[in-house]
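Here's a quick briefing to read alongside the model. Have the sequence and the 3D view open as you go.

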Amino acid sequence: MATALVKSPAIDPRFARFRLAIRESKIHRRGVYALEPIPPKRKVIEYTGERISRRETKRRGDGPLTYLFTLDDYWTLDGAFGGSGAEIINHSCDPNLYSCILRGHIIYMSKRAIRRGEELTVDYRFDKKIEDVPCRCGSPKCRGTINLK
């Protein structure tokens with residue numbers, strides 16, 4: 001099985017526009033933190049990884065820990081293989097980043113000003129049709145699940 005735990009995650013500076021670091025997280029395992037202030041509406045990091053088919057996505061998605069991001073109806077990126085470090089960014093129901101897909105690239109943009117030392121988060125927006133995944137973001141706006149309601 002090709003599911004992989006990212007054993008030694010690192011931020012790939014080729015894909016990050018700001019200085020970032022991976023550290024222990026209160027949300028889940030490890031997270032990505034800003035080493036400098038990040039203004040709102042700025043590209044922060046590109047989510048990279050191995051481009052895999054829908055069939056392979058289903059196979060790899062069975063593991064307890066995955067780094068899969070759906071690109072479109074045909075392709076998914078698996079950040080466990082060739083990830084930029086963005087795959088370590090945790091979920092929050094009140095995130096400071098949002099994702100956008102531009103010309104086949106997944107870009108994380110800042111929703112608001114992010115302080116130095118703040119953990120970067122994004123709303124994973126898991127489909128409500130799949131099994132609920134409990135959320136541990138700790139936000140006052142937490143919906144209790146990573147899935148959309």
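What follows covers the charged pairs and then the nonpolar core.

This is a predicted model, so local features need pLDDT of at least 70, side-chain atom pairs count only at pLDDT 80 or more, and totals for chains, interfaces and linings use all residues. Residues are numbered from 1 along each chain as its sequence is written, and side-chain values use heavy atoms, with hydrogens and water left out.

- You'll find nine salt bridges in the structure, a salt bridge being a side-chain nitrogen of Lys or Arg within 4 Å of a carboxyl oxygen of Asp or Glu.
- As a general point, side chains of opposite charge can pair when their charged atoms come close.
- E56 pairs with R59 through a salt bridge at 2.7 Å, N to O.
- Both E56 and R59 sit in helix α1 (residues 54–60), three residues apart, or about one turn of the helix; helices here are DSSP runs (H or I, at least four residues) and strands are E runs of at least two, numbered from the N terminus.
- E56 also has a salt bridge to R60, again given as 2.7 Å, N to O, and these two are four residues apart in helix α1, about one turn.
- E56 counts as buried because its relative accessibility is 19%, where buried means under 20% relative accessible area, exposed over 50%, and partly exposed in between (1.4 Å probe, protein chains only).
- R60 is buried as well, while R59 is partly exposed at 36% relative accessible area.

- R143 and D123 form a salt bridge, with their closest N and O atoms 2.6 Å apart.
- This pair ties together distant parts of the chain: R143 and D123 both lie in the segment after β10 (121–122), 20 residues apart.
- R143 is partly exposed, at 24% relative accessible area, and D123 is buried at 16%.

**The largest nonpolar core**

- The largest nonpolar core has 24 residues, and L20, I45, I89, Y108 and L120 touch the most other members; such a core is a set of buried Ala, Val, Leu, Ile, Met, Phe, Trp, Tyr and Cys residues joined through side-chain atoms within 4.5 Å.
- Strands β2 (30–34), β3 (43–47) and β9 (105–110) each supply at least two residues of this core, and β3 gives the most, with three.
- Setting aside neighbours within four places in sequence, I89 is in contact (heavy atoms within 4.5 Å) with V32, I45, L97, Y108, L120, T121, V122 and Y124.
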